[in-house]
Amino acid sequence: MISTTTTGRKLSIGLAFLWMAVTGSDLRAAKTQDTVFLATVNANYSAAFEEIARRYEQKHPEIKVKLAIIPMQFETWIRTRFAAGGDMLPDLYNCNFTSGFDELGKLVPLEPYLDSINPYTGARWRDGLEMTIVERYKSPAGLYAVPLDFIEIGIFYNQDIFDKLALKTPATWEELLRACERMKQAGYMPFALGGDANAYWYWEVGWLVRLLCDAYQRDQIPMLAAQPGDWDYDASRNAGFRYNGADLYGDLMVRVSKERFFKAIRDGSLDLRSARLKRVYSKLKEFSQYWQPGYMGYDHDSAIQLFYKQKAALCFLTSAHVTGIMNDMEKMEPGARFNWGVFYPPPITSDPQCQGPFRGAGGPGAIYSVTRKNNLAHERNVVDFFMYLTSPEAGNILVARTLAEKQPLTGPVAIKGVQLPEPLARRFAPFLNHGFVKIEFGGRGLDDEQESVFEWTVIAQDYMAGRLPLEEFLDRYQRITFNAAARLQKKFGYDLDPATRDAPPRRVSARNHLNPFENGTLMLILIVGTFGGFASYHIRRAKGPLRTTTRVAYLLLLPTFLLLATFNYFPAFSGLYHAFTEWEEGRDAAFNGLANFKTMLSDQVLYKGLGNLLVLLAAALFKATVVPFLAAEMILLVISPRLRYLFRTAFLLPMVTPAMVGILLWRFIYDPSAGLLNQFLDALHLGPLKANWLGEPNLALASLIFMGFPWIGAFGLLIYMAGLMNIPESVHEAYRLDSNNILRRILFIDAPLVKGQFRLMVILTFIGTLQDFQSILVLTGGGPGLASTVPALRMYHEAFRFSHFGYASAIGLVIFAAILVATLINLGFRKSEEER
Amino acid sequence: MNFRRRFSFPQILLLTALLILAAATLLPFYMMLMISQKTNAEIFGHFWSLPGGLRMEYFSKALHFTYRYILNTLAVGAVVVVGTLFLSSVSGYVFARLEFGGKRVLFLLILSLMMIPGVLTLVPAFLWFKEFPFVGGNDWLGGGGSGFLNSRWVLIIPYISGSQVFGIYLCRTFFEQIPSELFEAARIDGASEFSAYWRIALPLSLPILATLAIMNFVGVYNEYIWPLVAISDKQIQVFSVGVTQFGLEGNLDLGPMMAGYVIGSIPLIIAFAFGMRYYIQGLTTGAVKA
C-alpha cells in the first residue's frame, strides 16, 4: 500500500519533468481545476487581496483563489495547519511566523522560479522584484520567501515646531543633538520614546541599539562570515567579500556563520568590553538627555501620544505608521492638527570609530512562502498566482485599494513598477536605501534568546538610569553573553568547529508511557479507576438500604470528584513532580533531581525579588491589619446610625469596579504627564516633587505600595466591623466608668478582643502577597530593571516567557512551601487560643 | 441633648477625618467618571474642572471596543455560576444528609484543596490544559494540538471545578442546619433522594446560593492571570485582559478609554445592586477558610 503511493508520486513527478521537457523549460501553470489558498496576517491588505484574487480568477477561470485573513494568533493558526496538512494547509502564507521551516523541508525553494519568466511582466520574475530586499530574507537553506513590502524605522518630526524654531531637518547626528538642545531650551520636549522592557526589546531603544552596534562594529563582519571549508559556506555569497565601509549593501549577501559567532564569543575573540561598544552606549546615553523626563515609565504607545499631542517634537515610528498618521490628522480637530515629516537617523560624523551611516533596522511586512505539498502541477499554479501577486498590476491594486480603504500601507513596496501616489511617495522616500543592519552583536541579549534579552534589559535599564557604571554594565553583559552562547550552542547542537555540520539535537521522546505524569490518558484512567474503586469498595461494604444510599451518594458525587481530581488535584501533584524535572518548551520533562533548587540558590533575580517581597509584605501587613481596624473603629464611633451606614458604604463602593480597572486607574494616577498625582502636586504648587512614579527605579516599589491609598480595604473593614460589633456593650460601659480615653480603649480593650480577626488578616495577607504579581505585571512588569520584581513574577516569566516549566514549577513549590508553613503555624495559634 | 452629642466637637472632628478618608478612597473613581466625559484638551488643560458637557458619544465609542470582552466574560460567568451552584448544592446535600462509607475521607479531600494556592498550580495547570489528551487536536499523549487553550472551556472548567470547593463547604454547613424532620416527612411521602434535594433543600437554600452565585460571578469577572496565559484569541478574550489593551487599539483618547472602564463596571454594579448583602455575607463566611 505504502509502496504504491510512493511509486505513484515518483511517477507523477517523473511525468511532470517529461512534460516540462516537452513544453520547454519554463515552469508554466497547467490548465486544470485547482485552488490556490493564501493565508495572511496582513488584515490591512484584505480588501486589496480580495480584488487581486477576483482579477486572477477572471484571468484563470479554472483556478479558485481562497483567502484566509488571520490577524490574531497567526503563529498558532499556521502551525496547527501545518500539523493538519492537506487542504487545510495554505499554499501561501506569512513565513516570518515560522522560522526554521525552510530548513525542515516544509517550504518550496523559490530560487529556480525566480529565473523563470513571470507571465505578467514578460521578464524574469527576479527582474520585477527589488532584489536587495528579497535577498535579505534568504536563509542559510536558500531562498524561500518573497516580500511584497518591508517596514523601516524613521524619526518623525513636528514640522510646525521645527519651523517655529527655524530648525532644518538634521543632516548629521551632531546636528540632531544640537536641534534637540535648541528645542529643550525653547521649552519643548525634544524626543518621546518608550523606555519599558518592550521598548528595549523590540521598540525604540532596541532599534537605536541595533543601529549603533551596526554602525560601530560592521567592519567585524569578515571575522564572522562563513569561510571556505565551513559547512555553511556558500561561494556565490561569501567568495571575494571584502569589507567596504562606504558600501551599505556590500555585505548584504554575505552569510554570517552562527557557529563562528558563538565560537568567537566562547573563545573570547569577540568581547563586549570593547572600546567600540563603550562608544555605542555612551552615544545612547548622551542622546537620552533629550528624551522625555522619566521615559522609562513609558511604553511605546504612551510615548507616541506625546508626539500626537504636540508635547514632543520628535519620535521613533515605522513606515507602517505613515498612512495611519495621515488618516489620524484628517480625523483630528483642526486646532490639534500639525504638519509633520520623516527623516532617517542621520549619520554620526564626529567620531572616527564609527564605521559609517546608520543602516536599516526594519523588518519584513507582508512576506510569503510557498508550502511544499509534493504536487508539482499545483505548485506551479501557486507560483503563477504568486507571480501575479508580485506583478505591477497587482501591486498597484494593492496600493490603491488599501489607501481607498484607509488602511495602512506597511511600507515601501518591494515590487518594481508600482506607483505610489503623492504625498505617499514623498513620505516613504526617507525610508529607502539604507541597507540593512548586519551585525547583531552588542545589544538586546544574544541572538534574540529571551533569557539573555531579559538579563540585558535589566542591566541596560540600570545603566541608563545611572545606577550602573559603563564598565560594570559591559562587564556583566559580557558574562550574560558568554553564558547565553553556551545555552545556544547546546540548543543548536554546535561543536564550535565550523567545518563540520552538526545535527541539531534530536527531539527524542523520553516520555515514559507508564508514568501518569507524562501520559495524560493514563492519568485520566487512573483518576476514574481510583474513584470507581473507592466507590465500589464502600458500596459493597454497605448492607441493606444503606447500600442504595451509598450508591446514590457516589453517583451524585461523581461529577464533583472527577473534576476535582482532574483539574485541581492533578495539577497540584504535577507541580510537585515537575519541580524536580527539566521541562522546557518542545521537550519532554526529564528528571533532574534537585538541580532546579540549586539554580534557585544562585538566581540573582530571585534574590532581588525576595528582598522586594519582604518590603511589600511588611507594607501589606500594615495596610491590611492596622488601617482597616482603625477605620472600623472610627466608623463605629460615629453616633448617627445613618452616617455610620453611609461611611461604611462609601468604603465598600470601590468593589463595584473590576479589579483590573482599579489597577489601571492607578496606572493613570501615576502617569507622569497627565496623571492625577502629578496634577495634584501641581495644584498644591509642589511642582518640584513631581516624578515618574512607576518609571524611576527608586520609586517604583514605593509607588506599588502606595497604590490603593488610603488602603481601607472592603474585606478588612467588614471583618473588623463584625468583630468589634460582637464586643458586648457591657465591656465598653465597664471601661467608661474607669476612663474616658478612647485611644486607650481601642488599644487595650478592643484590639485584644479582635485578636482572631487580626490573625485572620495576617494569614490571608501573607498568602495573598506571596502569590500576587498581577498588579506588578500590569504596572511595572517588575521593572525598571529589577526594581519591583517578586518571586511569583519570576515564576511567571520563567514559565511563560522563557518556557522553563520545570524551573517555574520549582519556584511555585517553594512559594507553596512558605505558604504551607505559615498556614500550619496559624492553625497552631488558633488551636492554642481555642484551648485557652 | 441628642443633637449636641451628635455634633459635639470630637464628633465633628471624627466625621471630618472620615470624610477625607472616604474622599481619598473614592477619588480615583470620581476621576474615572469625570475624565470619561472630557476631551483631551480639557484633561490636559483643566484637570480639576468639570467636563464641558455630557459626551455620550464617548460611551458609544467605548461600547464598540468593550462589548465583546464583556459579553465573553458574561457568557463564561453565566455557565460557571450555573455549574458551580449545581455541583456545590448537590455535593453539599450529599455530604450533609446522606450516610455512607468513605464520607469523612472524601470531605477532608475537598477541604484540603483550600490549602493549595494558585501559585503552585498555575504552570502545571496551563500545561495540563494544553496537553489534555484527545482535545483540540491532541493525541492520546497530549501532543500535536493546543488542547483546551484558546477556547472558553479553558476558563469554564477550572473555574467550576475550583469554586465548588468553597461552594460545597458552604452548602453542607447550610443543609446540616435544616431540621431533618422536613426530609423525613418527605421520605414518608415516598420522595426520592433527588426530589428531596430538589423540592426541599434547594428552595430553602436560595439565600446561600445567591451568596455563592455573586461571589462566583465577581470572582470570574476579576480573574486576570489565567485568561491572560490561557487565551490568546481576541474574539473570546475576557474583559480583565482586554481592558489592559484599550490604549493599544488605535489612537484612543483618554476620555473614551475611561468611558470603557465605566462600561466594564456596569455588570458588577448591577450584580452588587441586587446582591451586595449576599456578597458581604459570603466574604465574612469565607473568612472561616483560614
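How many bridges join strand β6 (residues 153-158) of chain A to strand β8 (residues 312-318) of chain A, and which way do the two run? I looked this up to start. Five bridges join them, and the strands run antiparallel. I picked out one pair: Ile155(A) has Phe316(A) in β8(A) as its bridge partner. I note here that the model is predicted.

**Entry: the sheet around β6 and β8**

I traced the rest of this sheet. It is open, has four strands in the order β7-β8-β6-β9 (chain A), and its pairing is mixed. From one strand to the next, the twist averages 25°.

**Entry: the five-stranded sheet**

I then went to another sheet of chain A. Five strands make an open sheet with mixed pairing, ordered β2-β1-β3-β11-β4 (chain A). At its edges I found β2 (63-69) and β4 (146-147) of chain A. Strand β3 (residues 92-94) of chain A meets strand β11 (residues 367-370) of chain A through three bridges, antiparallel. There, Leu92(A) sits opposite Val370(A). Helix α2 (residues 46-59) of chain A lies across β1 (34-40) and β2 of chain A. Its direction is at about 170° to β2(A).

**Entry: chain A overall**

Chain A has 35 helices and 13 strands. Its C-alpha trace spans about 110 × 85 × 55 Å along the principal axes. Of its 836 residues, 44% count as buried. Among contacts in chain A with a separation of 6 or more, 74% link residues 24 or more positions apart.

**Entry: domains**

Chain A divides into domain 1 (22-150 + 364-417), domain 2 (153-361 + 449-492), domain 3 (511-575) and domain 4 (600-650 + 697-835). I checked the first pair. The centres of domain 1 and domain 2 of chain A are 31 Å apart, taken over C-alpha atoms. Their contact takes twelve residues from domain 1 of chain A and ten residues from domain 2 of chain A. On the domain 1 side, helix α5 (residues 131-136) of chain A gives the largest share, three residues. That side of domain 1 of chain A has five nonpolar, four polar and three charged residues.

**Entry: cores**

Which residues have the most contacts inside the largest nonpolar core? They are Ala192(A), Leu193(A) and Cys315(A), in a core of 241 residues. Leaving out residues up to four places away in sequence, Ala192(A) touches Gln292(A), Ala303(A), Ile304(A), Leu306(A), Phe307(A), Ala312(A) and Cys315(A). A second core is separate and has 55 residues, including Ile63(A), Ile78(A), Tyr113(A) and Ile367(A).

**Entry: helix α34**

Is helix α34 (residues 791-800) of chain A mostly covered or uncovered? It is mostly covered, with nine of its ten residues buried. Among the buried ones I noted Arg794(A), His797(A) and Glu798(A). I listed what the buried residues of α34(A) pack against. From chain A these are α19 (450-464), α24 (604-637), α32 (755-771), α33 (774-779) and α35 (805-835). From chain B, α6 (118-130) joins them.

**Entry: chain B against chain A**

I found 90 residues of chain B in contact with 94 residues of chain A. Helix α2 (residues 9-35) of chain B gives the most to the chain B side, with 14 residues. By class, the side of chain B that touches chain A has 58 nonpolar, 25 polar and seven charged residues.

Conventions. Residues numbered from 1 in each chain as written. Chains lettered and ligands numbered in written order. Predicted model: local features only at pLDDT ≥ 70, side-chain atom pairs only at ≥ 80, totals over all residues. Contact = placed C-beta atoms within 7 Å. Nonpolar A, V, L, I, M, F, W, Y, C, P; charged D, E, K, R; others polar. Pairing = 2+ DSSP bridges. Axes fitted to C-alpha atoms, helices over the stretch in contact; angles between N-to-C directions. Core = buried A, V, L, I, M, F, W, Y, C linked by C-beta atoms within 7 Å. Buried ≥ 20, exposed ≤ 12 C-beta atoms within 10 Å, placed from the backbone. Domains from an automatic or database assignment.
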